Amino acid sequence: MGVNWHIRSYSQLTVEELHMIIKERVNVFVVEQQCPYPEVDGADPEAIHIWMEDEGQLAAYCRIFRGGVRYDKASIGRTLVTQGYRGRGYGRLVFQEGINQIKNLFGERCIQIQAQAYLKSFYESFGFQAISETYLDDGIPHIDMVIN
């Protein structure tokens with residue numbers, strides 16, 4: 001079976017796919033990080049959803065937005081690797097796929113992200129640079145970063 005990539009707009013998602021995505025985002029960002037916040041934020045209809053399946057299971061996910069939706073620049077968010085698939089480099093793969101799809105689908109090169117501060121060096125390895133000081137968002141330290 002192996003690894004399969006999926007790239008879908010909100011209207012292309014099946015009910016089952018949307019459920020799987022929301023379930024894993026809640027597992028990672030609300031349950032694991034012990035951060036009660038509204039994970040269903042109303043932005044999904046504007047996003048392109050990208051995920052990697054490994055042996056039929058969601059292994060890694062992110063969503064992307066064209067410029068002018070979340071920020072003036074294009075953006076990537078909700079990047080995650082599910083617990084059973086960590087340590088395999090899937091975070092790097094799904095994030096790079098997000099960058100690639102922003103270029104391919106939107107024709108944009110400038111990207112802005114809101115990164116958890118502990119992942120700053122991970123994002124710097126893609127060429128992102130901090131444009132803010134560290135601040136708390138839902139009790140978790142974050143930093144704004146861009147790549148041009």
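# Close-up views of a predicted model

**View 1. The largest pocket.** The largest pocket holds about 840 Å³ of space. On a 1 Å grid over the protein atoms alone, a pocket is an open set of points where a 1.4 Å probe fits, with protein on both sides within 12 Å along at least five of seven lines. Grid points are joined across faces, edges and corners, and the volume is the space filled by probe spheres set on the points. Of its 32 lining residues, Phe29, Arg78, Thr79, Gln114 and Gln116 are the closest to the centre. A lining residue has an atom within 4 Å of a point. This is a predicted model: local features need pLDDT of at least 70, side-chain atom pairs count only at pLDDT 80 or more, and totals for chains, interfaces and linings use all residues. Residues are numbered from 1 along each chain as its sequence is written, and side-chain values use heavy atoms, with hydrogens and water left out.

**View 2. Make-up of the pocket lining.** E4 supplies the largest share of the lining, seven residues. At least two residues each come from H1 (15-32), E3 (57-65), E4 (74-81), H2 (90-106), E5 (111-116), H3 (120-124) and E8 (140-147). Helices (H or I, at least four residues) and strands (E, at least two) are DSSP runs, numbered from the N terminus. By class, the lining has 17 nonpolar, eight polar and seven charged residues. Nonpolar covers Ala, Val, Leu, Ile, Met, Phe, Trp, Tyr, Cys and Pro; charged covers Asp, Glu, Lys and Arg; the others, Gly among them, are polar.

**View 3. Histidine 142 in strand E8.** Histidine 142 sits in strand E8. Its relative accessibility is 8%, so histidine 142 counts as buried. Buried means under 20% relative accessible area, exposed over 50%, and partly exposed in between (1.4 Å probe, protein chains only). The histidine 142 side chain reaches the backbone oxygen of isoleucine 140 at 2.7 Å. Beyond its neighbours within four places in sequence, histidine 142 is in contact (heavy atoms within 4.5 Å) with residues including Gln114, Gln116, Glu133 and Tyr135.

**View 4. Arginine 25 and glutamate 39.** A salt bridge joins the side chains of arginine 25 and glutamate 39 (2.3 Å, N to O). The pair links distant parts of the chain, 14 residues apart: arginine 25 in helix H1, glutamate 39 in the loop between H1 and strand E2 (48-54). A salt bridge is a side-chain nitrogen of Lys or Arg within 4 Å of a carboxyl oxygen of Asp or Glu. By this rule there are 11 salt bridges. Arginine 25 is buried at 0%, and glutamate 39 is buried at 3%.

View 5. The side chains of arginine 63 and aspartate 44 form a salt bridge (2.8 Å, N to O). Arginine 63 lies in strand E3 and aspartate 44 in the loop between H1 and E2, 19 residues apart. Arginine 63 is buried at 1%; aspartate 44 is buried at 5%. Salt bridges with shared partners join Arg25, Glu39, Asp41, Asp44, Arg63, Arg70 and Arg78 into one network.

View 6. Most residues other than glycine have a negative phi. Arginine 78, in strand E4, has a positive phi near 55 degrees. Arginine 78 is buried at 18%. Aspartate 138 also has a positive phi near 55 degrees. Aspartate 138 lies in the loop between strand E7 (135-137) and E8, and is partly exposed at 43%.

Conventions:
Polar contact = N/O pair within 3.5 Å; in protein donor to acceptor, adjacent residues only side chain to side chain.
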